[in-house]
Amino acid sequence: MPVDPQVQAFLEAQAQAAIENQVPPITEQTVEMARAGYLAVAEMLGQGPDVDTEDSAAPGPAGDIPVRIYRPRDAGDTLPVLVYYHGGGWVIGDLDTHDYACRELCAGAGCLVVSVDYRLAPEARFPAAVDDSWGALQWVAANAESLGGDAARIAVGGDSAGGNLSAVMSLLTRDNGGPHLVFQLLVYPAVDMDFSRPSIDENADGYILTRDHMIWFRGHYLRSEADRADFRASPLLASDHTGLPPALVITAEFDPLRDEGRDYAGKLQAAGVEATLSNYEGQVHVFFQLSPILDGGRKAVDEACAALRNAFDASSQEKTRGLKSG
């Protein structure tokens, strides 16, 4: 199908604004300019659902990692937890660019959300983002009770680069004996640094994320070409995908990352992991974040919230059965 009319209107408005303000492509911008531009788009969305927030910090390998904790209003004392990793190619993005999405997930899934402000490249190249993400996840698990969360019901999630980090966290928790995860939410995840799939050529330009953007992000993030084969950069290349938590993989038709998201869901399914692939026709990269202005994004957020609620409920029921049988 063609690009969704709402998406097309957004693309045209963004292109016109870039012309009027003489904004060069990201590949010709400084990192600081690209970060400011990403934040400007996020700020136009408004505040989002009214939930309680608290800025804090988790200890990390290179110092404190800023985190933002979201709590539903009038919620119970012990909530399931979603540890969220923002997108932005490991180069741009922060707690503020994804504040709206985290508020939506918090309110919609009825869970505690801990958004992680991991170190960005090129100031801190791979595997700094992985190391910070891992440190923050361990901190959440160790301090879940004091945060008002349930250590037995922790999920990870993220979009694009954050989807990559979420997939990597799932692999690391399995290989390191925990923390136990009940779900992984992977929104158009970047899971293979090879950039060789057809969707990259089909959607190389004109749909928010371009092939040149991807190359620019990868060049800032990785230390060398050798890093591409590391499963912490390309979780699709991990030697084993068995024993991972259930997953929802959301992709978009006009997204260069579409095929690798599809292939990752296939890898999980082939390994016996309960994984759902949900491809949104007519949509582009970042449509999930644009839920306030795109009906397709709204539908995807609702699907993500429902999947999280189901995963948390299933885990709670399993825990109850275990207590009764014990």
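This is a predicted model: local features need pLDDT of at least 70, side-chain atom pairs count only at pLDDT 80 or more; totals for chains, interfaces and linings use all residues.
Helices α4 and α6 are oblique to each other.

**The α4 and α6 pair**

Let's stay with these two helices for a moment. Two packed helices are described by the angle between their axes and the distance between the axes. Here α4 covers residues 128-142 and α6 covers residues 161-175; their axes come within 10 Å and cross at roughly 60°. Angles of 65 to 115 degrees would count as roughly perpendicular and those under 35 degrees as roughly parallel, so a value between those ranges falls into the oblique class. The crossing of α4 and α6 is right-handed.

Which residues of α4 meet α6? On the α4 side they are A129, V130, S133, W134 and L137, and they face L165, V168, M169, L172 and T173 of α6. The contact is made up of eight nonpolar residues and two polar ones, with no charged residue taking part.

**The sheet**

Now for the strands. Strands of a sheet pair through backbone hydrogen bonds, either parallel or antiparallel. In this model eight strands build an open sheet with mixed pairing, and the order across it is β1-β2-β4-β3-β5-β6-β7-β8. Strands β1 and β8 stand at the edges with a single partner strand each, so one side of each has no neighbour in the sheet. On average, neighbouring strands are turned by 20° against each other, direction ignored.

| Strands | Sense | Bridges | Example partners |
|---|---|---|---|
| β1 (residues 52-60) and β2 (residues 63-71) | antiparallel | nine | P59 and D64 |
| β2 and β4 (residues 112-116) | antiparallel | four | Y70 and V113 |
| β7 (residues 247-254) and β8 | parallel | seven | L248 and T276 |

The link from β1 to β2 is a hairpin of two residues.

**Helices on the sheet**

Helix α3 packs on the sheet and touches β1, β2, β3, β4 and β6, with its direction at about 50° to that of β2. Helix α9 (residues 258-270) lies across β6, β7 and β8 and runs at about 155° to β7. Angles over 145 degrees count as roughly antiparallel, so α9 and β7 fall into that class.

**Aromatic pairs**

How many aromatic pairs does the structure hold? There are six. One of them joins W90 and Y221: the rings are stacked, 4.5 Å centre to centre, with 5° between the planes. W90 sits in the loop between β3 and α3 while Y221 belongs to helix α8 (residues 211-221), so this pair ties together parts that are 131 residues apart in sequence.

**Backbone details worth a look**

The loop between β4 and α4 holds P122 and also P127. The peptide bond from A121 to P122 is cis, with omega near 5°. The bond from F126 to P127 is cis as well, again with omega near 5°.

Where is F195 found? F195 is in the loop between β6 and α7. Its phi is near 60°, a positive value in a residue other than glycine.

Notes: Residues are numbered from 1 along each chain as its sequence is written. Side-chain values use heavy atoms; hydrogens and water are left out. Axes are lines fitted to C-alpha atoms, for helices over the stretch in contact, and angles run from 0 to 180 degrees between N-to-C directions. A crossing is left-handed if the near helix is turned anticlockwise from the far one by less than a right angle, and right-handed if clockwise. Contact means heavy atoms within 4.5 Å. Ala, Val, Leu, Ile, Met, Phe, Trp, Tyr, Cys and Pro count as nonpolar, Asp, Glu, Lys and Arg as charged, and the others, Gly among them, as polar. Two strands pair if DSSP finds at least two bridges between them. Rings of Phe, Tyr and Trp (its six-membered ring) pair if their centres lie within 6.5 Å; planes under 30 degrees apart count as stacked, over 60 as edge-to-face and the rest as tilted.
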